[in-house]
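The following questions and answers examine one protein model step by step. Please keep the sequence and the structure in view while reading.

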Amino acid sequence: MSIKEISEIMECSEGTVKSRLFYATKKLSEKLKKFSSTKV
């Protein structure tokens, strides 16, 4: 979905959507690091 579509559904500004996506991506990245540090 586009930022605009998400902002319409969530009834908030596009800036808020971008900010929330940024922090969610950052948090997810941190949590996934523990899986990528193990060697296969």
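Q: How many helices and how many strands does the protein have?
A: This is a predicted model. Helix α1 covers residues 3–10, and helix α2 covers residues 14–36. The count for the protein is 2 helices and 0 strands.

Q: What does the C-alpha trace of the protein span along its principal axes?
A: The protein has 40 residues. Along the principal axes, its C-alpha trace spans about 40 × 15 × 10 Å.

Q: What percentage of the residues in the protein is buried?
A: A residue counts as buried under 20% relative accessible area. The protein exposes about 3,800 Å², of which carbon and sulfur atoms supply 60%. Of the 40 residues, the buried share is 5%.

Q: Is S7 buried or exposed?
A: S7 belongs to helix α1. Its relative accessibility is 8%, and the cut-off for a buried residue is under 20%. S7 therefore counts as buried.

Q: Which residues does S7 touch, not counting residues up to four places away in sequence?
A: S7 is part of helix α1, residues 3–10. A contact requires heavy atoms within 4.5 Å. With residues up to four places away in sequence left out, S7 touches C12, S13, E14 and V17.

Q: How far apart in space are V17 and S7, C-alpha to C-alpha?
A: V17 is found in helix α2, whereas S7 lies in helix α1. At 4% relative accessibility, V17 counts as buried. Leaving out residues up to four places away in sequence, V17 touches I3, I6, S7 and C12. V17 and S7 are 10 residues apart in sequence, and their C-alpha distance in space is 6.1 Å.

Q: Where is C12 placed, and which residues does C12 touch beyond four places away in sequence?
A: The relative accessible area of C12 is 21%, so C12 is partly exposed. C12 is placed in the loop between α1 and α2. Not counting residues up to four places away in sequence, C12 touches S7, V17 and R20.

Q: What is the phi of E11?
A: E11 is found in the loop between α1 and α2, and at 73% relative accessibility it counts as exposed. Most residues other than glycine have a negative phi. E11 is a residue other than glycine with a positive value, near 55°.

Q: Which residues make the nonpolar surface patch of about 380 Å²?
A: M1 lies in the segment before α1 and counts as exposed at 72% relative accessibility. I9 lies in helix α1 and counts as exposed at 56% relative accessibility. The nonpolar surface patch of about 380 Å² is made by M1, I9 and M10.

Q: How far apart in space are I9 and K31, C-alpha to C-alpha?
A: I9 is a residue of helix α1. In sequence, I9 and K31 are 22 residues apart. In space, their C-alpha to C-alpha distance is 27 Å.

Q: Which residues form an aromatic pair, and is the pair stacked or edge-to-face?
A: Two rings pair if their centres lie within 6.5 Å, and planes over 60 degrees apart count as edge-to-face. By this rule the count is 1 aromatic pair. F22 and Y23 form the pair, with 5.0 Å centre to centre and 80° between the planes, and it is edge-to-face.

Q: Is Y23 buried or exposed?
A: The cut-off for an exposed residue is over 50% relative accessible area. Y23 has 51% relative accessibility, so Y23 counts as exposed.

Terms used. Residues numbered from 1 in each chain as written. Predicted model: local features only at pLDDT ≥ 70, side-chain atom pairs only at ≥ 80, totals over all residues. Heavy atoms only, no water. Phe/Tyr/Trp six-rings, centres within 6.5 Å; stacked < 30°, edge-to-face > 60°. Buried < 20%, exposed > 50% of the residue type's maximum accessible area, 1.4 Å probe, protein only. Patch = residues over 30% accessible without salt bridge, like charges linked within 9 Å, V, L, I, M, F, W, Y side chains within 5 Å. Areas by Shrake-Rupley, 256 points an atom, 1.4 Å probe, with all protein chains shown as cover. Salt bridge = Lys/Arg side-chain N within 4 Å of Asp/Glu carboxyl O.
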